Amino acid sequence: MFSIWIQVGVSAALIVAFLVHSRRRIPRGLRLPPGPPQRLFVGNAWDMPKEREWETFGKWAKEYGEIVYVKMYNADVIIVNSRRMVYELFDKRSSIYSDRSESTMLINIMGWGWGMTFQRYGEWWRRHRRAMHEKFHNGVVDTFKPSQTKHTRDLLRRLLATPEDYPEHIRFVAGAVIMEATYGIQVKERDDPYLIAADKSLRSLGEAAAPGTFLVDNFPWMKYIPDWVPGATFKQKGREWAKHVSDMNEFPFQATKAAMLQGKADDCFVTSHLEELDTLKEVPADQEIVIKNTAGIVFAGGSDTTVNTTITFILAMALFPEVQRKAQAELDHLLGGIRLVEFEDEPELPYIAAIRKEVLRWHPLLPQGVAHATSEDDVVGEYFIPKGTVVIGNSWALLHDEADFGPDTNKFIPERYFMPGVRDPALTGAFGFGRRICPGSHMAENSLFMKIASMLQVFDISGPRDATGRELPLEYTFSSGFFSFPDNFKCSITPRSQAARELILQSAAE
Ligand code: HEM
């Protein structure tokens with residue numbers, strides 16, 4: 001019975017949305033950007049791909065051009081497909097194109113509103129962004145390097161012991177680095193409650209954040225449907241997820257505060273901000289909340305992103321062995337197998353730097369970035385872009401544009417960065433756009449350098465092998481949705497030599 005009412009409600013909302021939308025006034029002489037033909041009431045909602053979105057977006061870009069307009073029920077969405085237009089909108093008109101649209105599922109039901117990534121553009125967001133920038137800008141991220149080195153060595157030892165568990169090792173170590181940097185907390189070897197809460201929150205985020213997943217995002221009134229009504233499973237799901245999301249933000253912060261009171265806290269993002277608070281004369285009353293929220297989003301944004309990018313790197317090495325051989329030659333030439341790589345070696349390792357760039361480009365973790373939104377009406381040439389439009393920067397298209405990255409952009413070719421004029425993927429969409437560009441990118445790039453160089457120095461990575469050592473075909477798929485990364489795949493990670501094995505084991509004594 002109630003599910004019938006839900007259907008009636010949704011249908012009524014579709015009709016109202018349609019009528020309102022058709023009555024909207026587009027200024028004379030202007031039109032909405034071109035896009036695929038729309039259906040009555042639902043617009044393009046049924047055309048939105050559920051898998052490998054970047055392929056459909058690419059097809060639309062070829063057909064309709066730099067800006068493609070789609071309508072998701074009642075929501076205006078544009079997809080920006082060229083670097084020129086990305087620069088025009090996200091950079092030159094950043095005061096209009098830096099907002100986010102409020103997802104009812106993420107904000108009202110799952111409680112992600114505390115997270116900077118989902119906040120509307122304005123003073124509250126700016127205060128969070130400033131708190132993060134102070135500790136993560138390019139000039140200060142070196143402070144994390146000792147911890148990144150220590151934990152990468154730990155990763156090498158774990159990989160040596162049980163290489164088949166490489167995803168868990170990478171996940172554990174990324175969590176350990178970010179917990180130490182953010183909260184000064186050393187995570188537990190097994191079943192760490194903070195990492196479990198983060199893992200559950202991020203999985204649910206991955207599920208809920210892909211546009212069009214939950215109808216309640218298009219019809220916010222659906223949030224008032226009681227939980228027990230058939231068809232309202234999104235609410236039960238959301239409420240369950242909300243607990244993990246809140247635990248992730250609350251528990252580690254409170255633990256660090258408690259440790260500070262006992263004089264036992266290690267230096268970290270939270271302690272240094274809270275200590276500064278005590279020395280400042282005029283501080284807004286809610287600044288502690290800003291610090292807590294920012295720590296929470298560093299924790300959320302800083303672990304899974306580097307984990308999945310590292311797994312993409314492993315896949316690339318298994319698929320492109322000639323790249324691996326060249327990188328190992330560069331490392332061997334510099335280090336002679338006498339010591340493990342250090343951050344100070346980075347300027348002497350241009351091929352490793354090129355691999356890092358190619359990992360970010362070849363299969364970007366966020367192929368559609370994180371959608372921005374417009375905070376005012378805008379006009380681009382003859383196109384009208386209404387206020388509140390969801391704006392997707394098509395990172396995949398930018399990062400696969402042969403004009404910027406040379407030929408064969410679906411292949412993993414680090415050499416492309418030695419050609420004149422080739423762009424840096426970090427500044428071409430891999431970390432997003434404009435004022436919202438990823439504030440953790442410098443820490444992430446350092447972390448990737450250390451992992452890539454260390455793993456290639458001591459391990460050979462290949463497809464899976466049978467008992468006789470024969471290499472078997474490598475089977476892999478990339479996930480679709482908000483994040484895209486390789487689904488679990490089997491591979492072989494073996495020490496390159498006895499000397500490499502010893503180097504790894506000796507690192508435990510450092
Ligand atoms: C390889 C690793 C990473 C990738 C590929 C990545 C990618 C991105 C992308 C595409 C965005 C959206 C930017 C936009 O809206 O245009 C973003 C935002 C963000 N990232 Fe990262 N990121 C990575 C690592 C990190 C790390 C290590 C941290 C924390 C230390 C972090 C914290 C954040 C935060 C807080 C935002 C939200 C910024 C805002 O809305 O103002 N990310 N990231």
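**Note on the predicted model**

1. Arg52 has 16 C-beta neighbours inside 10 Å and therefore counts as partly exposed, since being buried would take 20 or more and being exposed 12 or fewer. This applies to a predicted model. Arg52 sits in the loop that runs between α1 (2-23) and α2 (53-64). Its phi is near 40°, a positive value in a residue other than glycine.

2. A positive phi also occurs at Asp408, which is not a glycine; the value is about 50°. Asp408 is placed in the loop between α15 (402-405) and α16. With 11 C-beta neighbours inside 10 Å, Asp408 counts as exposed. For context, most residues other than glycine have a negative phi.

3. The largest nonpolar core has 135 residues, and the members touching the most others are Ile78, Ile314, Val391, Ile452 and Ala453. Helix α11 (residues 287-319) is the main contributor to this core, giving 15 residues. Once neighbours within four places in sequence are set aside, Ile452 is in contact with Phe313, Ile352, Ile355 and Arg356.

4. The ligand has 28 residues around it, of which Gly301, Gly302, Gly432, Cys438 and Gly440 come nearest. By class, the shell holds 16 nonpolar, 10 polar and two charged residues.

5. At least two residues of the shell around the ligand come from each of α5 (123-136), α11 and α16 (441-458). Helix α11 gives the most to this shell, with seven residues.

Technical notes:
Residues are numbered from 1 along each chain as its sequence is written. This is a predicted model: local features need pLDDT of at least 70, side-chain atom pairs count only at pLDDT 80 or more; totals for chains, interfaces and linings use all residues. A nonpolar core is a set of buried Ala, Val, Leu, Ile, Met, Phe, Trp, Tyr and Cys residues joined through C-beta atoms within 7 Å. Helices (H or I, at least four residues) and strands (E, at least two) are DSSP runs, numbered from the N terminus. Two residues are in contact if their C-beta atoms, placed from the backbone, lie within 7 Å. A residue is near a molecule or strand if its C-beta atom, placed from the backbone, lies within 6 Å of it. Ala, Val, Leu, Ile, Met, Phe, Trp, Tyr, Cys and Pro count as nonpolar, Asp, Glu, Lys and Arg as charged, and the others, Gly among them, as polar.
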